[in-house]
Amino acid sequence: MNLRKDFPIFGNRPEMVYLDSAATSQKPRQVIAAMTEFLEKHNANVHRGIYDLSQEATDIFEGARGKMARFVGARDEREIVFTGNASEALNLVALGYGKKFLTSGDIVVISAAEHHSNFVPWLRLRKEIGIRIFMLPLLPDFTIDYRILDKAKIKKEKIKLVALTQASNVLGTVNPIAEIADYLKRRKIKAKLVVDAAQSIPHMKIDVGKLGCDFLAWSGHKMLGPSGIGGLWARRELLEAMDPMLSGSHMINEVTEEGASWNRVPEKFETGTGRLEGAAGLGAAVDYLQKAGREKIAGYEKELTEYLLETLIKIPRVEIYGSKSGKNRLGVVAFNVAGVHAHDVGEILNRKQICVRTGHHCAMPLLARLGVESTVRASIYLYNTKEDIDRLAEGIAEVKKIFRV
Amino acid sequence: MNDPLYREIILENFEHPQNYGVVKNANAEKTSVNELCGDKIHISARIVNKKIAEIAWEGEGCAIARAAASILTGETEGQPVVKIKKMTSEAFLKKMGITLTPARRKCALLGFATLQEAIK
Ligand SMILES: Cc1ncc(COP(=O)(O)O)c(C=O)c1O
């Protein structure tokens, strides 16, 4: 794709092979420049001053909201709430919506492939208000088995919320969210559909209308943007009905000694001074991805994903957890080398400047189902090359040599 | 091969662990987990006359964690409990004879810390 040159870190670390983009992506020059420019030329607090500088800062901040809205296909930019990251966005759904509208005995459906950030907030609600959690298992192709709801011995009318990941951060599987939304409608399950798009948004075109979801959560740092800023999309009526998680400045309309009334959305959820330069960077990340072309990126990544899978499949003793075909799948591949612990694999790869993630990937229930304690995970993005994957294969050969397997 | 970390002593103890299992009638026992990576080591020992009469370990973990637990049980069997209580982490790491990064020190000391807890 020839975009690698836009990422200064690769110039600064020419020997590095970065295969951990599922944890966080590297940042292009354009994103770094947008943040620097904000700080050097436009920095002031937003929505406060009447002077020009403050207006400029506000325009950039709100401009980023607009870009983000168009990026996910939202009708209205006020439907985008800036949060710190995907985890915070999911917590906002659980605490701002769930805690207000769910009651004891209501069912929240999730899948066995959820990241802890889309699991633990629901566990918390179970403890605090007595909701029940129904965990959908996975099919042999590693997608979510949602049709099991037909047979499940649960009261359908009690299902109030379905919270699923669009792409698994361990298996790489892309789940058919639109199909699931359609299924819920046909079965007359009137549940709100929450989509964790942390892994999918960097790689796929997303349109909340086409997905048929009610909430969408993501992080900026996985989609070329800075860390510390992410978002939640929900339809305006929903946001208006929800409670804020935090309170303080900026999120109120009027404060008297007797009380305060909440500001309109999305400010109601954005207490205190926001991530100003973060928003500038996120806006630039959206521009970058749009300019590179979402279809083009997906096409290039599919090719790399297939090459990564082919390469790993060819190495004896390498066991892949997840689909071995590039279909409906992102370039996130979890694997182990039989007889060697994931940490030892990671340690030896690190010596060759190959960055991979090792461990449970914040998905312990999934790893338990896969019957492993930890795995190695290699994940690609638009700046990776086939050469990176060849270097990974060389690294694994070294692991096998040292461990005599 | 002469790897600075995966030395023969480590690989040997990883591939052929000493004292793997659970001691019957143990009177000192403890399980610890390294939350960062999920490594888990269980140590069980039978203390007779203030000495470690028998000790065993079991668990899941990387080569460093497993080899360290294996070496630990080999080093402490038959030793007086007071002597083990006085042993510092540094002294134990020295016995392993490898250089470790801060992240891997945790792996190497998981069994050691578990044993210290068990005999407290
Ligand atoms: C599927 C999924 N959901 C949620 C998260 C949480 O993202 P963050 O740590 O940015 O909040 C991640 C990140 O690892 C993820 O992969």
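**View 1. Strand 1 and strand 2 of chain B.** Seven bridges hold strand 1 of chain B and strand 2 (residues 39–48) of chain B as an antiparallel pair. One of the contacts to look for links S32(B) with I41(B), its bridge partner in strand 2 of chain B. The model shown here and in the other views is predicted. In general, the strands of a sheet pair through backbone hydrogen bonds, and the pairing is either parallel or antiparallel.

**View 2. The open sheet of chain B.** Three strands of chain B form an open sheet in the order 1-2-3, with antiparallel pairing. Strand 1 (28–34) and strand 3 (51–60) of chain B are the edge strands; each has a single partner strand, so one side of each has no neighbour in the sheet. On average, neighbouring strands of this sheet are turned by 15° against each other, direction ignored.

**View 3. Strand 2 of chain A and its partner.** Strand 2 of chain A and strand 8 (residues 230–234) of chain A run antiparallel and are joined by four bridges. V81(A) has L232(A) in strand 8 of chain A as its bridge partner. Which residues of strand 2 (residues 80–83) of chain A point one way, and which the other way? I80(A) and F82(A) point one way, V81(A) and T83(A) point the other way, and all are buried.

**View 4. Helix 2 of chain B.** This helix covers residues 63–76, which makes 14 residues. From its first C-alpha to its last, helix 2 of chain B reaches 20 Å, close to the 20 Å expected at 1.5 Å a residue. Is helix 2 of chain B mostly covered or mostly uncovered? It is mostly covered, with twelve of its 14 residues buried. Among the buried residues of helix 2 of chain B are A63(B), I64(B), R66(B), L72(B) and T76(B). Just after helix 2 of chain B comes G78(B), with a positive phi of about 85°.

**View 5. The largest pocket.** Rolling a probe the size of a water molecule over the atoms shows where empty space is left. The largest pocket has a volume of about 330 Å³. Its lining is made up of 15 residues, and H343(A), T358(A), L36(B), A103(B) and R104(B) lie nearest the centre. At least two lining residues each come from helix 11 (342–351) and strand 14 (357–359) of chain A and from helix 5 (102–118) of chain B. Helix 11 of chain A gives the largest share of the lining, four residues. By class, three lining residues are nonpolar, nine are polar and three are charged.

How values were computed
Residues numbered from 1 in each chain as written. Chains lettered and ligands numbered in written order. Predicted model: local features only at pLDDT ≥ 70, side-chain atom pairs only at ≥ 80, totals over all residues. Heavy atoms only, no water. Expected span 1.5 Å × (residues − 1). Buried < 20%, exposed > 50% of the residue type's maximum accessible area, 1.4 Å probe, protein only. 1 Å grid on protein atoms, 1.4 Å probe; cavity = no way out; pocket = protein on both sides within 12 Å on 5 of 7 lines; lining within 4 Å. Points joined across faces, edges and corners; volume = space filled by probe spheres on them. Nonpolar A, V, L, I, M, F, W, Y, C, P; charged D, E, K, R; others polar. Pairing = 2+ DSSP bridges. Axes fitted to C-alpha atoms, helices over the stretch in contact; angles between N-to-C directions.
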